[in-house]
Structure formats: structure tokens, C-alpha cells
Amino acid sequence: MTVTSPPMPGQRSQPFPLGLAETDGRVNLAVYAPGITALDVVYTDPAFPVDAVPTAADLHRAPLLDVTDHVHHGTVPGLGYGSLYALVAHDRRIAGVSRTGRRSSGTPKPLPQLLIDPYGDAVVERNGLYWSTRVSRDFDWNGAGRPRTPLRDTIAYEAHVIGQTKLHPGIPAELRGTYAGLAHPVMLEYLRHLGITAVELLPVHHHRDEDHLQQAGLENYWGYNTVSFFAPHPGYATAAAQAGGPQAVQDEFKGMVKLLHEAGIEVLLDVVYNHTAEEGPGGPTFCWRGLGDEHYYRHDASGRYLDTTGCGNTLNFNDPQVVRMTLDSLRRWVTDFQIDGFRFDLAVTLCRDGSHHFTPRHPFLVAAQADPVLAGTKLISEPWDVGSGGWQTGHFPLGWSDWNDRFRDVVRDFWVADRGALERGGHGGSTARLADCLSGSAGLFESSGRSALASVNLVTAHDGFTLQDLVSYNEKHNEANREDNRDGTSHNRSYNHGAEGPTEDEVILEARATTARNLMATLLLSLGVPLITAGDEIGRSQGGNNNAYCQNNGISWTDWELDERQERMLATTRRLIAVRKEFLAGQPYSYPARDLGYLKWFNEEGQPMTEEAWTDSGQRLLQLLIGVPGGRSTGLIVFNGGLDTVPFRLPVPEELRGITGEHGADLRAFTLQLSTAHHGDPRRGALFAPGDRDRIEATSITLYSV
């Protein structure tokens with residue numbers, strides 16, 4: 001153990017920036033630690049082997065002598081790139097060596113509680129202990145810039161780094177399930193051909209498996225258990241990068257972002273700032289709890305943890321330094337990793353005031369919107385948590401978009417749950433709620449002053465049934481999670497179409513396929529920002545598991561061996577994305593953020609919908625004409641949520657006058673572009689004049705261009 005002398009006069013340290021910084025050749029370390037009186041840093045030489053376990057003999061120790069507003073700071077000579085380092089309170093001893101450097105008598109004591117730097121650029125685990133690591137942030141981006149796709153043109157794709165490529169036969173085995181695998185040319189071509197514009201990655205911050213999962217032999221596959229908000233997770237890097245150490249892991253991650261950007265695809269991160277992997281009372285301590293538990297975490301009036309996350313602890317966004325840490329983390333990912341946006345897990349927790357109430361004027365929301373580094377990035381909320389008043393969809397401020405759970409529930413009801421009810425002789429809902437979703441849930445977002453672009457539309461996500469399972473199972477089947485099937489929601493709005501799970505019944509299989517296509521078509525034809533869950537476009541199943549957070553195996557991984565129905569689902573999704581892009585290309589740039597366009601609703605006789613028709617649960621056919629006066633593209637979408645094929649009349653000429661351009665009544669023919677029905681494809685290209693008769697098959701969607 002080597003103890004570093006205090007700095008000489010004129011070499012005083014600085015309380016800002018937090019974390020490690022180099023100034024005039026000196027390394028400065030600053031740590032917000034309001035819960036302790038003094039702090040030291042222990043560290044190895046830069047050349048310390050990347051896979052070795054530090055002992056007391058390998059360590060230097062330096063005091064952080066200065067304290068400014070609870071920030072402990074000091075200069076640390078010799079802490080170079082590659083050094084492992086950790087924080088220790090002064091009253092702890094390390095392997096029998098006191099803070100003065102004099103070796104105590106008796107048997108050397110084991111390493112005490114080591115705390116990682118909350119701002120550390122990388123984290124490594126050695127024999128169950130976590131160490132921060134200093135890495136260089138240099139990287140050759142070779143001119144690769146961000147795609148900067150406008151929200152209105154964004155088609156997001158939620159994916160897991162491992163699951164997306166782990167089973168892909170076209171990717172080399174050593175790259176499957178890694179950052180490098182996600183950016184392999186085969187996957188880049190697939191994503192580009194599919195037509196998505198952004199991948200939204202499940203958490204890639206360094207995370208750990210909860211103790212109870214480790215004891216059960218399971219993993220936290222989703223990664224919602226953060227160890228460091230500044231460091232990429234090393235377990236998603238290739239074996240070669242992991243062997244090369246934290247610098248190689250960071251470079252592989254940046255290489256993935258670079259290649260995705262060069263392919264025109266943005267990278268969004270699912271980030272978890274609402275809680276940490278230190279869990280609730282009795283959980284492990286490796287950072288924030290040891291530095292200042294009462295400041296970093298929310299507590300009630302009795303001093304107990306106040307949990308609005310369901311994970312045991314809740315970060316305290318009433319503390320300015322917690323807000324600063326989160327903003328600094330976001331800036332780090334934008335500046336150093338070139339990330340294009342973020343989806344905030346349980347975002348309501350980040351916006352609760354000192355009384356634990358949600359406020360859309362919370363300092364974090366204001367600061368994020370005003371921050372020049374974050375300007376132009378996509379900020380997306382998961383607008384709920386498990387605390388009181390936790391549902392806040394539609395209530396986030398300008399500059400934010402929300403995951404729209406109302407869209408998810410209504411679309412599932414109309415196409416899935418209602419179909420089950422109808423086939424059992426019951427009733428479905430009216431078309432009014434579906435129409436609201438198709439129009440961007442205007443009523444939900446108007447109070448916040450936002451447009452349809454504030455609505456991130458989704459039918460499925462990582463949490464819950466996949467699209468295929470939504471139409472294949474009535475009940476969840478989570479037995480593999482070893483919680484006696486108690487976990488995961490039991491209210492899925494799903495319908496198995498006549499058989500639970502796998503079946504060889506062709507009628508059932510085709511019915512499921514049609515419903516799945518209806519769900520995908522509704523998602524991609526609605527106003528707002530569509531979010532596709534990876535694998536839904538090819539009918540990925542999790543065997544009915546709707547909470548596969550701990551399944552790092554074939555349950556969660558995408559199987560790329562496709563049958564004929566899966567191939568059609570993929571082709572339909574590609575076609576829908578292409579149609580969406582073609583339509584938007586024909587509208588003014590500001591559409592639909594400004595009230596420029598029209599949404600015209602018609603019944604089966606081509607006449608405007610009446611109030612009575614909107615509220616009639618037996619009325620399951622709806623026509624939507626969408627476009628902009630004078631725009632180059634107009635679309636007509638016909639929805640049939642009933643069980644019978646229905647003859648209908650396209651909108652009559654007198655109802656089209658003045659809304660389709662200068663020649664209203666001389667409207668060009670309607671061209672059938674796509675049908676989700678089983679026998680819909682052969683009719684593609686059929687022409688119809690306004691007011692003509694056509695027919696739409698049961699439980700299907702037909703799309704016409706004008």
C-alpha cells in the first residue's frame with residue numbers, strides 16, 4: 001500500500017466537474033458524498049492487468065481532502081488510463097493498512113466496503129467487488145454524424161442487444177448477441193430493408209442481476225437494475241472486447257453506434273434513473289447508499305424508503321445533485337457515445353417534488369428541455385410509476401413524447417379482445433375509441449399543448465405478450481420464471497382464437513395471422529410515432545411468457561427461421577412502413593404537428609359518421625380519409641372489426657369536394673394498396689371511383705391511395 005502525500009500549495013483540487021477530470025496534467029476526482037465526513041480513493045497503477053484481482057499490495061491510497069457543499073475532491077497522482085479505483089470512508093482499514101500508511105499488527109484484514117465512483121466511465125467486477133476504471137473517451141467517428149430523423153418520420157424498433165442477433169445464422173457466431181453483432185452488415189441490411197429509422201435498445205447501462213435471481217440461477221435479462229449510469233454494460237460486448245478490458249468494450253459500443261448511424265438508423269437508449277441495483281433495505285451497497293443514503297434515495301417521514309418503482313428504492317429527484325447526476329449522464333451518452341435519444345423508464349418517478357407529487361414543471365423536466373447538449377435529442381417518457389398518482393400519460397410538457405398506453409389498450413381491445421367476445425356471442429366496443437387512437441389521441445395530449453407527435457404508439461413492448469402471443473394465448477404462462485406463475489399481468493386483452501398456444505389447426509392459425517396483421521397495420525397507419533417490438537414483424541413468440549425479464553435464453557431470443565406465415569407478416573410490415581413513408585413524403589414538412597390536415601370519417605355508405613353511429617357498439621366498420629388540402633398524398637383506410645364480410649360504398653363525390661385539392665369533385669381513382677385479409681393480396685392495384693362499391697373481408701383492414 002502506497003499513501004500519496006497531500007497536494008502542494010497551488011495544486012488544490014476542484015469540486016467540479018464531478019467524477020474524474022484532467023487539468024494541467026493533474027487528475028482531479030470529485031464525488032458528491034453527503035453522508036460521510038471524509039473520503040479516500042484507492043487505485044492501481046495504469047498497467048494493472050485487466051483480468052487480475054487487486055490486493056492491498058497493488059493499491060495506492062490518496063485522501064480527498066477538500067469538501068465543498070458535500071462534494072469531496074482531491075488530486076490523485078498516478079491514476080491513469082487503465083487504473084482501477086474505488087472510494088473508501090476514512091474510518092475503514094484496508095488489509096491491515098491504516099490511513100497513515102503504517103501497517104497494523106496481526107492478520108491483514110480483508111478489503112472493506114469499496115464504493116464505485118457514481119460518475120465512473122467504466123465498471124469492472126473482481127471477486128464480487130466493483131471497481132471504477134479510467135478509460136479514454138477518444139474515438140475515431142470518421143465523420144459519421146447523427147441521422148437527426150424528425151419525429152414525424154421516426155419509426156422506432158425496441159430491441160435487446162443479445163436477443164436481436166443471438167440466433168441469427170447470417171452473423172458469425174462470435175458476434176451473435178453483442179454490440180458488434182447488432183451492427184453487422186447482415187443486421188444493418190435487415191433493419192434498413194424493414195424500414196425502421198431508430199433502434200430503441202433495452203438498458204445498456206452497466207447493470208447486475210438481483211441477489212434473488214442469482215440464487216435461483218436466473219439473470220436480469222432486460223437490465224433494469226443499474227450499477228452505473230455512465231458506463232456501458234460489458235456483458236454485451238464480444239469475448240474479445242471483454243478480454244481487452246473496459247476500453248475495448250467502450251470502443252465496440254461506439255463502433256456499433258457509428259455503423260448504425262452510417263446506415264441512417266438512430267440509436268435510442270432505454271434508461272433507468274428511477275432506482276438502482278442497491279435494491280431495498282438489506283440490499284447490496286456499492287455506491288450511492290454508502291455515499292449518502294438519505295440524500296440519494298427518497299424516504300418517508302419515518303425515514304423508511306419510499307418506493308414508487310416496485311424495486312425497493314427510489315432515487316431522490318428532490319435533491320439537486322441527483323438531478324445533476326442524471327443530466328450529466330445524459331450529456332455523456334450524447335457527447336461521447338453520440339446517442340440520439342432516450343426512453344425514460346418509470347419517468348413519473350423522476351418528476352415528483354418534495355411532497356412526492358408529480359409536476360410537469362419539475363426541475364429535471366425543465367432542465368432537460370433547456371439543456372443545449374440535449375437539444376435535438378428525442379426525450380420519451382414511460383409516463384407512469386407504481387406510486388400514488390402514478391399514471392400521467394399526456395401530462396408531460398412540450399419537448400417530450402409519451403408511451404401511449406391508451407393506444408395500446410384500445411387497439412388490443414378492438415382487434416383482439418373484442419374478436420374473442422364476438423366469437424363467443426357477446427359484443428365488442430364502438431369505433432369511437434379506435435378513431436381517437438388513429439388520430440393521435442388528441443384529447444389525451446391537448447392539455448399539454450402537444451401534437452400527435454407526443455404520442456409514441458405501441459401495441460406491445462418488452463414487458464408483456466409479444467404480438468404473436470397476444471393472439472395465441474388467453475392466459476400468461478410464466479412458469480419458467482420460478483414464481484409459480486404469479487408474476488406478470490393477468491389482464492392482457494389477448495385472445496387465443498380457439499386454442500391455447502401452439503396448434504396445427506389451419507383455421508386458427510390463419511385467424512391469428514390476420515389479427516396480428518390488423519394490429520401492425522393500425523400501429524403503422526395511425527398518427528403519432530410508431531414503436532415496433534423487435535420480432536413482432538416476424539411473429540416471434542415467448543411461449544406465452546409475458547414477463548420474460550429473467551429469461552436470457554430461447555424464450556426471449558428472436559428465432560430467424562421463418563415459415564410462410566411469418567414471411568407474409570414480415571412482407572406486410574415492410575409494405576406498411578413503405579406506405580407510411582410515401583404518405584408522409586407527400587405532406588408539408590410541419591404535418592401533423594400543426595393543424596394542417598384533415599381526418600374525415602365515413603360509414604359503410606360513404607356518408608359522414610353520425611353521433612349515433614359513433615356510439616353504436618354494433619357498428620364495426622369505419623372509413624378514414626386522411627391527407628392535407630393540396631397535398632400530394634391522400635389515403636383511405638377502411639376498418640372492419642366485425643365477423644362478417646361487409647359490402648360498403650367508398651366516400652361519395654359530394655363529400656370529397658374541397659378536401660382533396662383543387663379538383664375535389666374530379667378526384668382520381670382510389671387504388672387498393674394493401675389488405676390484411678387472408679385473400680387480400682391478389683386484389684392489389686384494383687381501381688375504384690368515388691362512390692363505387694367494394695367489399696371488405698371480416699376482421700380486416702383495406703388501404704387505398706388516392
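**Strands, pairings and edges**

Biologist: Which residue of β17 is the bridge partner of Arg343?

Modeller: Arg343 has Ile380 as its bridge partner in β17. The model is predicted, so to speak of local features pLDDT must be at least 70, and side-chain atom pairs count only at 80 or more, while totals for chains, interfaces and linings use all residues. Residues are numbered from 1 along each chain as its sequence is written, and side-chain values use heavy atoms, without hydrogens and water.

Biologist: How many bridges do β16 and β17 share, and in which sense do they pair?

Modeller: β16 and β17 (residues 378-381) pair in the parallel sense over four bridges, where pairing takes at least two bridges found by DSSP. Strands here are DSSP runs of E with at least two residues, and helices runs of H or I with at least four, numbered from the N terminus.

Biologist: What does the chain pass through from β16 to β17?

Modeller: Between β16 and β17 the chain goes through helix α9, residues 363-370, in a right-handed β-α-β crossover, meaning that the path from the first strand over the helix to the second runs clockwise when the strands point away from the viewer.

Biologist: And what about β15, which sense does its pairing with β16 take?

Modeller: β15, which covers residues 266-271, pairs with β16 in the parallel sense, also over four bridges, and within that pairing Leu269 of β15 has Phe342 of β16 as its bridge partner.

Biologist: Are the residues on the two faces of β16 buried or exposed?

Modeller: Both faces of β16, residues 341-344, are covered, with Gly341 and Arg343 buried on one side and Phe342 and Phe344 buried on the other; buried means under 20% relative accessible area with a 1.4 Å probe, protein chains only.

Biologist: Changing topic, in what order do the strands of the open sheet with β2 run?

Modeller: That open sheet has four strands in the order β2-β3-β7-β6, and its pairing is antiparallel.

Biologist: Why is one side of β2 and of β6 left without a neighbour there?

Modeller: β2 (residues 19-23) and β6 (residues 66-68) stand at the edges of the sheet and have a single partner strand each, so one side of each has no neighbour in the sheet.

Definitions and conventions:
Buried < 20%, exposed > 50% of the residue type's maximum accessible area, 1.4 Å probe, protein only.
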